[in-house]
Amino acid sequence: MVEGSEAPPIWNKLSTEPRRLGNENSDHELETKANICMNKLRRLYVLFRYDDLSARSNTDFERRLVQVLIEDQIPFVFGVIPQVCLGDWRNPEPQTYAELDSEKRQLLQHAASAAPVDVALHGLTHQSATSDCLSEFVGLSLEEQMRKISQGARILEACTGHRPFAFVPPWNRYDKNTIAALIENGFTVLSAGFRPKMESEEAGPLSVFPQTVSLHNFATTLELAKKTRCRELSLIVELHEYDFTDVSSVRGVMALDSFRREIRELRSDARIELRNFSQALVNRNRWSNDDFYYPRRRFALLSRLAASRFLGPIVLLVVSLLCLIALYRQAMPGQ
Ligand SMILES: [Zn+2]
């Protein structure tokens, strides 16, 4: 397969050209509204978080990925599993585990020294603690979570030479004991899933960088984020090796070469800036859910329909026909 040539464009042209949003008569009005909204956004920060780098992840692909990060100086976060479970992550029974080998350690060190790359702790083994809820941490005692986090941090420090400051819980799940264990172990960043009702005090002094979108939905979310009324927003894009067609032709959505091209295009938009955790913390030492953009499901669906040049008019036509039929039936009660 020729890399890049067959991958579908995931985030389409990031031009500021207005899109067609509806039927002919309302186009102009809607486009004008969209432009007004887009003009409000002055800065959009995008952070890429690649999870599950471990002894069992694809080293050849990660070597190529690191090369791209270095050549293009792309801010990036690796969520690393220091002692990965080699069997089924969903099975809580004792299994075999493996730490990062010397090749993977060197790769991480090279990435962190030659590119703007943060190395975050992504659990200890990534094995679920129970079969009821997929999480390595939820429900465990504070002592057990302390042990896992301090052991993981120690292994990662030995691998990279730097104590990790950011934690990404497997399956984005954690509880109060996780937060207490992180604070006790000197962590300053928690990057899990987006929680709209999260209280700002809940994370204590930790900065919260929630995952807001996957690579699959990045294009749609990016377009939505550009049309919000906020002046400044951030997106965190969660990546895995299987999101790339280089690794998985089934689950992958784009090749690494396409990813590189799309990032170059992102950077050509003056409003968009790529960042990693440590860069984001330079200007502001505390982040919360409120600083990030997370589209609600129903809005995301509507936007997909509106953004489609084909589905939008078809849906409008069907709705109009249904309305006409309803009106006709009302006007002809005897029928
Ligand atoms: Zn993971």
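What follows is a short exchange on a glutamate and then on a helix.

Q: Before we start, what should I keep in mind?
A: This is a predicted model, in which local features need pLDDT of at least 70 and side-chain atom pairs count only at pLDDT 80 or more, while totals for chains, interfaces and linings use all residues. Residues are numbered from 1 along each chain as its sequence is written, and side-chain values use heavy atoms, with hydrogens and water left out.

Q: Where is Glu62 found?
A: Glu62 is in helix α2, residues 59-72 (helices are DSSP runs of H or I with at least four residues, strands are E runs of at least two, both numbered from the N terminus).

Q: Buried or exposed?
A: Glu62 counts as buried because its relative accessibility is 0% (buried is under 20% relative accessible area, exposed over 50%, partly exposed in between, with a 1.4 Å probe and protein chains only).

Q: Which residues does Glu62 touch?
A: Leaving aside residues up to four places away in sequence, Glu62 touches Tyr50, Leu53, Ser57, Lys104, Leu107 and Glu241, where contact means heavy atoms within 4.5 Å.

Q: Switching to α5, which residues are buried there?
A: In α5, residues 176-184, the buried ones include Thr178, Ile179, Ala181 and Leu182. They lie on the same side of α5, because they cover an arc of only 165° around the axis, taken from the directions from the helix axis to the C-beta atoms.

Q: What do they pack against?
A: The buried residues of α5 pack against α4 (142-160), β6 (166-167) and β7 (189-190).

Q: And what does the face turned away carry?
A: That face of α5 carries the exposed residues Lys176 and Glu184.
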